[in-house]
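Morning, everyone. Please look at the sequence and the model on the screen, and I will walk you through a few places in it.

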Amino acid sequence: MSEVDASSEYGDDAVPHWYVIQCKGGESFRAAEHLGNQGYEVFHPVLEVQKKRRGKLEWINEPLFPHYLFIRLDRLVSNWRPIRSTRGVLRLVGFGDMPLAVDDGLVETLRHHGADRQDATVNLYFRAGDAVEITEGPFKDLQAVFASHKGEERAIVLLNMLHKQQQLEMPVSQLRRR
């Protein structure tokens with residue numbers, strides 16, 4: 001039976017929809033993994049961001065929506081009971097006892113843009129125009145403006161010296177947001 005046939009025979013309940021799951025703090029990756037292991041279709045949009053750890057910049061995945069993920073279910077066939085007891089899951093988002101379906105177009109848009117974003121290598125840690133502070137070297141503790149990246153580990157910053165804005169090239173690891 002096709003999705004269209006099921007929709008006409010049983011109404012909208014037989015057509016799968018996307019729902020939102022609220023996860024316990026910091027456990028959205030765990031929840032997504034455990035729900036996937038149980039056979040549920042899960043979408044957990046993430047961003048690849050650059051963060052400073054132990055003085056080095058590292059690429060890490062962070063949830064696009066912290067504490068939330070999407071799950072595709074239908075009201076007739078899907079087994080909803082194990083979801084609440086899944087590790088990392090807090091609850092299905094809804095009104096009262098009724099989970100609220102999310103527009104399929106929203107999830108498809110997020111999926112489409114997520115695929116585009118993963119193809120591009122974008123450094124999200126600093127952007128042109130960000131106010132930064134130099135943390136090491138001869139210009140330590142001076143304020144600057146981030147201009148651009150020069151490779152993965154080097155940056156160009158603008159520093160006011162002698163009443164003129166000077167361009168300096170330095171390691172990205174020696175910068176921090178102001």
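**A walk through the model**

Let's start with the pocket. Helix H3 (81-84), strand E6 (89-92) and strand E8 (98-99) each give at least two residues to the lining of the largest pocket. Helices (H or I, at least four residues) and strands (E, at least two) are DSSP runs, numbered from the N terminus.

Two words on where this comes from. This is a predicted model: local features need pLDDT of at least 70, side-chain atom pairs count only at pLDDT 80 or more, and totals for chains, interfaces and linings use all residues. Residues are numbered from 1 along each chain as its sequence is written, and side-chain values use heavy atoms, with hydrogens and water left out.

Back to the pocket. Its volume is about 260 Å³. A pocket here is an open set of points on a 1 Å grid over the protein atoms alone, where a 1.4 Å probe fits, with protein on both sides within 12 Å along at least five of seven lines; lining residues have an atom within 4 Å of a point. The volume is the space filled by probe spheres set on the points, which are joined across faces, edges and corners.

Which residues line the largest pocket? Trp80, Arg81, Arg84, Arg91, Leu92, Val93, Gly94, Gly96, Asp97, Met98 and Pro99. By class, that lining has 5 nonpolar, 2 polar and 4 charged residues. Ala, Val, Leu, Ile, Met, Phe, Trp, Tyr, Cys and Pro count as nonpolar, Asp, Glu, Lys and Arg as charged, and the others, Gly among them, as polar.

Next, the aromatic rings. A pair of aromatic rings is described by the distance of the centres and the angle of the planes. Rings of Phe, Tyr and Trp (its six-membered ring) pair if their centres lie within 6.5 Å; planes under 30 degrees apart count as stacked, over 60 as edge-to-face and the rest as tilted. How many aromatic pairs does a search of the whole structure find? It finds 3.

Take tyrosine 19 and tryptophan 80. Their ring centres are 5.1 Å apart and their planes are at 70 degrees, so this pair is edge-to-face. The pair links distant parts of the chain, 61 residues apart. Tyrosine 19 sits in strand E1 (residues 17-23), and tryptophan 80 in the loop between strand E5 (68-73) and H3. Both tyrosine 19 and tryptophan 80 are buried. Buried means under 20% relative accessible area, exposed over 50%, partly exposed in between (1.4 Å probe, protein chains only).

Now phenylalanine 43 and phenylalanine 70. Their rings are stacked: 6.0 Å centre to centre, with 25 degrees between the planes. This pair also links distant parts of the chain: phenylalanine 43 in strand E2 (residues 41-43) and phenylalanine 70 in E5, 27 residues apart. Phenylalanine 43 and phenylalanine 70 are both buried. Phe43, Phe65 and Phe70 form one aromatic cluster.

On to the strands. Two strands pair if DSSP finds at least two bridges between them. E10 (131-134) and E11 (residues 143-150) run antiparallel, joined by 3 bridges. Glutamate 133 stands opposite glutamine 143 in E11.

In the loop between E10 and E11 we find aspartate 141. Its phi is near 75 degrees, a positive value in a residue other than glycine. Is aspartate 141 buried or partly exposed? At 47% relative accessibility, aspartate 141 counts as partly exposed.

Then E11 meets E12 (residues 154-161), antiparallel, over 5 bridges. Phenylalanine 146 has valine 157 in E12 as its bridge partner, and histidine 149 has alanine 155. E11 and E12 form a hairpin with 3 residues between them, and glycine 151 in the turn has a positive phi of about 85 degrees.

E12 pairs on with E13 (residues 164-171), antiparallel, over 8 bridges. Here leucine 158 is partnered by glutamine 167 in E13. This hairpin has 2 residues between the strands, and leucine 162 takes a positive phi near 55 degrees. Histidine 163 lies in the loop between E12 and E13. Its phi is positive too, about 60 degrees, although histidine 163 is not a glycine. Histidine 163 is exposed, with a relative accessible area of 89%.

Last stop: aspartate 130. It lies in the loop between helix H4 (104-119) and E10. Aspartate 130 is buried, at 18% relative accessible area. Its side chain reaches the backbone nitrogen of arginine 127 at 2.8 Å. The side chain of aspartate 130 also makes a polar contact with the side chain of arginine 177 (3.1 Å). A polar contact is a pair of N or O atoms within 3.5 Å; within protein, one must be able to donate a hydrogen and the other to accept it, and residues adjacent in sequence count only if both atoms are side-chain atoms.
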